[in-house]
Amino acid sequence: MQINKKIAKMWSRMGPRAVYGKIMSDIAHKNEDILLMSADLGRSSGLASFYQTYPDRFVNTGIAEQNMIGVAAGLTRLNYNVFASTFAPFASMRAAEQVRMNMGYMEEPIKLIALGSGLSMGFLGNSHFGLEDVAVMKTIHNLTIISPADCIELYKTLDALVNYNSPVYVRLTGAVNCPVVYEDDYSFEIGQPIWIIPQSDINVISTGTTVGHAKKAVEKLNEEGYSIGLLNIHTIKPIAEEFVKDVLSTSKKIFIFEEHTRVGGLRSSIYDIIVDNAIQGLDVVSHTLPDSYLETGEYDYLINLYGLDALGIEKVIRESINEK
Amino acid sequence: MMDDFNKTSKDLRRLIINKAYECGQSTHLGGALSMVDIMCVLYSKFLKFKPDEPKFEDRDIFILSKGHTVLGYLATLYHFKYFSKEVFDTFQVNGSKFIAHPIKNLDYGIESSNGSLGQGVSYASGMALGFKKREKENRVFVMMGDGECNEGSVWEAAQLSSEMQLNNLIVIVDKNDYRNDGSTAYDKSDLKLENMWSAFGWNTISINGHNFDEILDAFNNALNSETKPTAIIASTIKGKGISFMESNNDWHHNRITESVYEQCLVEMEKM
């Protein structure tokens with residue numbers, strides 16, 4: 001696939017959920033061993049045309065997420081490459097124990113795609129928000145957790161997962177008109193963080209589509225004369241411990257932004273590295289969603305309300321730097 | 001053939017009791033003993049397997065969804081020569097892979113890890129669906145408990161298997177009428193397992209799970225099902241074979257002491 005500015009822009013308009021359906025359909029079209037599964041959300045994830053073209057290669061379990069994971073596991077035993085998708089809380093919590101038994105304990109290499117995580121379900125509210133999914137999934141041993149920064153990175157992730165023979169949880173945040181982080185092709189490797197803006201003394205660490213908002217904020221600040229780096233940790237687990245340790249040890253100040261509660265997300269993983277390695281003298285500011293049930297509204301309204309859009313991120317950084 | 005079944009099932013019961021005693025720990029005896037006669041017929045007559053080539057492609061799949069009755073499963077696998085006595089003797093020894101629930105090990109004929117109830121039918125139906133998609137003839141058998149049918153995920157799997165017409169999927173419900181805390185609710189009201197599985201569109205057969213003729217007929221019937229998956233509701237006696245364990249839920253999970261073992265020896269002598 002030729003990655004360019006035009007595609008980046010088009011996919012950004014569609015948003016990660018629809019782009020998942022589009023990309024996955026294209027990938028599956030070329031690979032007969034790929035099966036797509038959904039718990040009655042195929043149409044809501046852009047898979048309707050795939051289902052119509054290849055009814056034999058799409059399994060809708062109905063509104064039954066626990067069963068979807070078990071059936072997916074059985075299908076991997078027949079060497080099918082299974083990509084199963086549903087909304088984040090249902091993938092990570094309704095079916096958590098099935099994920100643990102089948103993907104964790106038995107290591108069946110299901111690719112579980114959590115759609116509409118973070119606040120992106122907007123008016124559907126807290127029952128549909130993915131506020132805690134990373135925390136829950138992080139506790140399951142053997143699971144890789146990836147949260148792409150934009151639709152191009154979603155493509156790079158899915159492309160990499162075709163030949164990845166381990167269980168994975170892919171967390172999609174963001175909605176339509178998702179900020180563009182990548183406009184050209186680039187080297188993506190599961191587990192390997194990427195500097196979006198080169199490392200400096202002050203660095204921002206983020207994941208998922210929050211990276212795009214942070215990019216806008218940091219670019220603006222850097223235009224004003226600040227010097228701030230931006231690191232995209234697309235693979236939350238296993239985290240690139242040595243790489244991150246090195247960044248933390250050579251930074252003066254770190255900001256962490258993520259669209260997840262403060263409990264158990266990327267923030268916690270970074271704090272673990274700081275504590276485990278006794279990193280001293282580093283100033284750390286983190287800004288996440290509160291540990292609470294949240295307001296409901298349009299996605300852009302919500303990320304603005306909770307300070308996770310470019311304006312909110314810029315404000316947190318500016319105020320913290322100017323404190324001293 | 002019936003003599004062979006009798007001999008095999010006696011052997012399995014002796015293996016279970018002896019191993020439960022030897023390991024010195026509590027084991028799930030009641031449910032291990034109730035499923036023995038079905039396991040005996042399944043492994044003697046219906047299941048396609050090769051212990052000396054455990055991963056051969058055309059094998060049938062057996063899933064022990066009621067994972068806690070692993071001792072009945074391991075006794076069967078040992079009897080049918082999946083592993084040596086030395087391996088069997090590691091049952092519930094510290095650090096062993098042979099513990100109170102199955103851990104997936106294809107070399108030993110264990111197709112999945114279990115222990116969390118209500119998940120076996122989902123996994124099995126995924127394999128059954130996979131065999132159909134690959135246009136393979138393999139069948140998938142699941143042994144589950146009646147208490148286990150309390151789990152909601154069982155019915156998610158029951159719905160989809162029916163919708164997908166997985167006639168290569170055969171679930172045996174070892175209906176011994178007990179769960180951990182006492183008797184199961186089924187049969188005490190209008191809630192009947194037969195009706196439940198039938199209502200979900202399954203080919204449902206009720207049998208006495210200790211009658212070899214009925215077990216044979218049930219499997220033959222199941223394997224001739226044209227579109228529906230089959231549920232064999234096998235009425236059994238928990239603790240079957242040892243008089244003082246029969247329908248005595250104290251033996252759901254318990255340890256055989258030396259004095260109890262002496263009583264078992266007398267009973268096993270008479271089997």
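These legends walk through a few views of a predicted model with chains A and B.

**View 1. Chain A as a whole, with its helices and strands.**
Start by getting your bearings: chain A has 13 helices and 12 strands. Its radius of gyration is 19 Å, close to the 20 Å that the globule rule gives for 324 residues, so chain A is as compact as a globular protein of that length. Along its principal axes, the C-alpha trace spans about 60 × 40 × 40 Å. Of the 324 residues in chain A, 53% count as buried. Now think about who touches whom: take the contacts in chain A with a separation of 6 or more, and 79% of them come from residues 24 or more positions apart.

**View 2. Two helices of chain A that pack against each other.**
Here you're looking at helix α10 (residues 241-249) and helix α11 (residues 266-276) of chain A, whose axes are 10 Å apart. How are the two helices arranged relative to each other? They pack at an angle of about 75°, and α10(A) and α11(A) are therefore roughly perpendicular. On the α10(A) side, the residues that meet the partner helix are A:E241, A:V244, A:K245 and A:L248. Across from them, α11(A) brings in A:I270, A:I273 and A:I274. Sort the residues of this contact by type and you get 5 nonpolar, no polar and 2 charged.

**View 3. The place where chain A touches chain B.**
Zoom in on the meeting of the two chains: 21 residues of chain A are in contact with 21 residues of chain B. Which elements of chain A give two or more residues to its side? They are α4 (65-77) and α6 (96-105) of chain A. The largest share, 9 residues, comes from α4(A). As for residue types, this side of chain A divides into 10 nonpolar, 8 polar and 3 charged.

Chain B has 10 helices and 7 strands. With 271 residues, a compact globule would have a radius of gyration near 18 Å, and chain B, at 17 Å, agrees with that. Its C-alpha atoms fill a box of roughly 50 × 45 × 35 Å along the principal axes. Buried residues make up 49% of the 271 residues in chain B. An unreviewed UniProt entry gives the annotation "domain: Transketolase N-terminal" to residues 14-254 of chain B. That span is 36% helix and 14% strand, and its end C-alpha atoms lie 17 Å apart.

**View 4. Helix α4 of chain B and what covers it.**
Is helix α4 (residues 70-79) of chain B enclosed or open? In this helix, 9 of the 10 residues are buried, so α4(B) is largely enclosed by the rest of the structure. Among the buried ones are B:V70, B:L74 and B:Y78. The cover over them includes α1 (2-23), α2 (29-34), α3 (36-46), β1 (61-64) and α5 (85-88) of chain B. Just after α4(B), have a look at B:K81, which takes a positive phi of about 70°.

**View 5. B:E246 and its surroundings in a loop.**
B:E246 sits in the loop between β7 (230-235) and α10 (258-270) of chain B. It's partly exposed, with 16 other C-beta atoms within 10 Å. Setting aside neighbours within four places in sequence, B:E246 is in contact with B:I237, B:G239 and B:K240.

Conventions
Residues numbered from 1 in each chain as written. Chains lettered and ligands numbered in written order. Predicted model: local features only at pLDDT ≥ 70, side-chain atom pairs only at ≥ 80, totals over all residues. Contact = placed C-beta atoms within 7 Å. Helix = DSSP H or I, 4+ residues; strand = E, 2+ residues; numbered from the N terminus. Nonpolar A, V, L, I, M, F, W, Y, C, P; charged D, E, K, R; others polar. Axes fitted to C-alpha atoms, helices over the stretch in contact; angles between N-to-C directions. Parallel < 35°, antiparallel > 145°, perpendicular 65-115°, else oblique. Rg over C-alpha atoms; globule rule 2.2 N^0.38 Å. Buried ≥ 20, exposed ≤ 12 C-beta atoms within 10 Å, placed from the backbone. UniProt positions renumbered as here; feature names shortened; annotations may be inferred.
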